[in-house]
Amino acid sequence: EGKAMCRMLIVEDSSFQALTMLALAEDCGYNAQVVSTASEAFSVLTHDDAVNLVLCDVMMDGTDGYQLLRSIRQELPSHIAVVMVSAQESPALIEQCVLQGADAFL
């Protein structure tokens, strides 16, 4: 089944948003885990090659989602899909995410 093949990593510095996304993913049958920083995410991705989907907040304290996206695209296997997540919907923000290599934007 498709959901069983998906290993999702949620990168979100807001604990409320992170828990909400995790609950939705698990309710839909996905295997997901949450980290709150880009450095934690990069560590997980370098040590767990089963992760194949990253949902990443664009705006985070410290290293932001753009920087994490660039690192994923430059240093990790190409099988990792990255979906950038933001409450903002500006065309410039979406364009920046796509130009940096995001597979989708929510």
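## Basis

The model is predicted, with local features requiring pLDDT of at least 70 and side-chain atom pairs pLDDT 80 or more, while totals for chains, interfaces and linings use all residues. Residues are numbered from 1 along each chain as its sequence is written, and side-chain values use heavy atoms, without hydrogens and water.

## Strands β1 and β2

Helices (H or I, at least four residues) and strands (E, at least two) are DSSP runs, numbered from the N terminus. Strands β1 (residues 7-11) and β2 (residues 31-35) run parallel and are joined by five bridges; pairing requires at least two bridges found by DSSP. Ile-10 stands opposite Val-34 in β2.

## Helix α3

In α3 (residues 38-47), Ala-38, Ala-41, Val-44 and Leu-45 are buried (under 20% relative accessible area, 1.4 Å probe, protein chains only). Seen down the axis of α3, they fall within an arc of 125 degrees, so they line one face of the helix; the arc is taken from the directions from the helix axis to the C-beta atoms. The face turned away from the buried side carries Ser-39 and His-47, which are exposed (over 50%).

## Nonpolar cores

A nonpolar core is a set of buried Ala, Val, Leu, Ile, Met, Phe, Trp, Tyr and Cys residues joined through side-chain atoms within 4.5 Å. The largest has 24 residues, and Leu-9 and Leu-45 are among those with the most contacts inside it. A second, separate core of eleven residues includes Ile-10 and Val-83.
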